[in-house]
Amino acid sequence: MYELKFNNNLCKTCPTVDCLVKCQYIDLDKDRAKEEILKISEGKDSFVLHDCVTCYGCEEYCKRGNHPFYLITEMRQKKGILTAPRAITKQWINIGEPQGKFKTGDIKKKVLSFGFMPEFLQLVQGRLFDDVMPSYIYGQEFFCNVVYIHFANTAIIKERLPVVLDNFRKLDVEEVVCMHDECYGAFASLAPAYGMEVPFRPIHYFEYLYNRLKELSNEIRPLNIKVAYQRPCSSRLSSDKHHFVADIMQLIGAELVDRKYQNENALCCGDMFGMLSGYDLRHDVQTRNIDDMVDSDAEYCFFNCPACQNTLSEKVAKKGIKPVHIIDLCRMAIGEKPEVEV
Ligand code: SF4
Ligand code: SF4
């Protein structure tokens, strides 16, 4: 059985307790934060187990290599502290059940993984990908299952993720470019945290896009637009790759506006909050986030996660901000896509 590697000695000597001090949804000073994280690590109850809204942020705030959010999730499940009604959790778990209907292209040693997000079947087009495509995989058989940490369910991840890793092993691939950063987080963060062996080198698609744009740099025409980034919860599991957002914007001549809710202080799209914590929180987070984009004069809001894009596109467009996926933004810069109309 896979067990989370969590070292509470690191917490005992932690000088910041940033995991909980920086939490945007729970208000704690350093002393109280330390008390609570130690209680959780010792298997005791804590109000944090009841109030955490599953933003994943503490996975980024901890700079000591511990996994506070995975720990919270483990303890919630052990104590039966549910984040959603059982029927909703079950429905989500059923969606990820392998059906034998996965798709694969012409598989080479390097493959693009669309996970289980059908949007990538349309988004992944053009010269940015022509050095790898049509080597791709899509479907539940390759779905990372990380989303279930929103539902306080690590048991299903421990059951399914090793099978997913085996499915990759059977393909005999060496490098997997993860088109969704939750998949990348599964292979670069969560699987190692549970001692699961990953049989390939995971590559975050931001890194891939950055390198590909550099190869195509002669074709880039600077976009000269002001853009706001909608950072997804899942990117907290790969915060060492977040710098590629600014690096890519610099390459394509797009100005990242300086705003309050950016980088570590980013706000989620709110979709999960609506389901797990109620519509008031969802409304509050979305309003603060979009008002902040408007106040910082962003012309475009670009997305990393298609689920965030589905949730917020219409709402930002109503405020006169053009929604676009980062892949399409890059394709605009190399002349493959027209400007977005609102
Ligand atoms: S989880 Fe990380 S940030 Fe939090 S107390 Fe432990 S070591 Fe410090
Ligand atoms: S996941 Fe987010 S809400 Fe939950 S404790 Fe961590 S930072 Fe706070």
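Against which helices and strands do the buried residues of α16 pack? They pack against α8 (119-123), α11 (205-215), α12 (243-251), β7 (254-256), β8 (300-303) and β9 (322-325). The model is predicted: local features need pLDDT of at least 70, side-chain atom pairs count only at pLDDT 80 or more, and totals for chains, interfaces and linings use all residues. Residues are numbered from 1 along each chain as its sequence is written, while chains are lettered from A and ligands numbered from 1 in the order in which they are written.

**Helix α16**

- Helix α16 spans residues 326-333 and is mostly covered, with seven of its eight residues buried. (Buried means 20 or more other C-beta atoms within 10 Å of the residue's own; exposed means 12 or fewer; partly exposed is in between; C-beta atoms are placed from the backbone.)
- Helices (H or I, at least four residues) and strands (E, at least two) are DSSP runs, numbered from the N terminus.
- The buried residues are I326, I327, L329, C330, R331, M332 and A333.
- G335 follows α16 and has a positive phi, near 75°.

**The largest nonpolar core**

- This core holds 105 residues, and C178, V227, F302, L329 and C330 touch the most other members. (A nonpolar core is a set of buried Ala, Val, Leu, Ile, Met, Phe, Trp, Tyr and Cys residues joined through C-beta atoms within 7 Å.)
- Helix α10 (residues 181-193) gives the most to this core, with eight residues.
- L329 and C330 are also among the buried residues of α16.
- Beyond its neighbours within four places in sequence, C178 is in contact with S113, C183, Y184, F187, P202, I203, H204 and Y205. (Contact means C-beta atoms, placed from the backbone, within 7 Å.)

**The five-stranded sheet**

- An open sheet of five strands has the order β1-β3-β2-β4-β5, with mixed pairing. (Two strands pair if DSSP finds at least two bridges between them.)
- β1 (103-104) and β5 are the edge strands, each pairing on one side only.
- β1 and β3 run antiparallel and are joined by two bridges. K103 has Y138 in β3 as its bridge partner.
- β2 (residues 110-113) and β4 (residues 175-178) run parallel, with four bridges between them. S113 is bridged to C178 in β4.
- β4 and β5 (residues 201-204) also run parallel, joined by four bridges. V177 has I203 in β5 as its bridge partner.
- From β4 the chain crosses through α10 to β5, and this β-α-β crossover is right-handed. (Right-handed means that, with the strands pointing away from the viewer, the path from the first strand over the helix to the second runs clockwise.)

**Strand β6 and its partners**

- Strand β6 (residues 225-230) is mostly covered, with five of its six residues buried.
- β6 pairs with β7 in the parallel sense over three bridges. K226 stands opposite E255 in β7.
- β6, α12 and β7 form a right-handed β-α-β unit.
- β6 and β8 run parallel, joined by four bridges. A228 has C301 in β8 as its bridge partner.

**Around ligand 1**

- The shell around ligand 1 consists of L10, C11, C14, V17, D18, C19, I37, C62, R64, N66 and P68. (A residue is near a molecule or strand if its C-beta atom, placed from the backbone, lies within 6 Å of it.)
- α1 (8-12) and α2 (18-21) each supply at least two residues of this shell.
- The shell residues divide into eight nonpolar, one polar and two charged. (Ala, Val, Leu, Ile, Met, Phe, Trp, Tyr, Cys and Pro count as nonpolar; Asp, Glu, Lys and Arg as charged; the others, Gly among them, as polar.)

**Backbone exceptions**

- Most residues other than glycine have a negative phi, and most peptide bonds are trans.
- Y56 has a positive phi of about 70° although it is not a glycine. Y56 sits in the loop between α4 (47-51) and α5 (57-61). Y56 counts as buried because 25 other C-beta atoms lie within 10 Å.
- N145, also not a glycine, has a positive phi near 70°. N145 lies in the loop between β3 and α9 (155-171).
- The peptide bond from M133 to P134 is cis, with omega near 5°. P134 is in the loop between α8 and β3 (136-138).

Key
Two residues are in contact if their C-beta atoms, placed from the backbone, lie within 7 Å.
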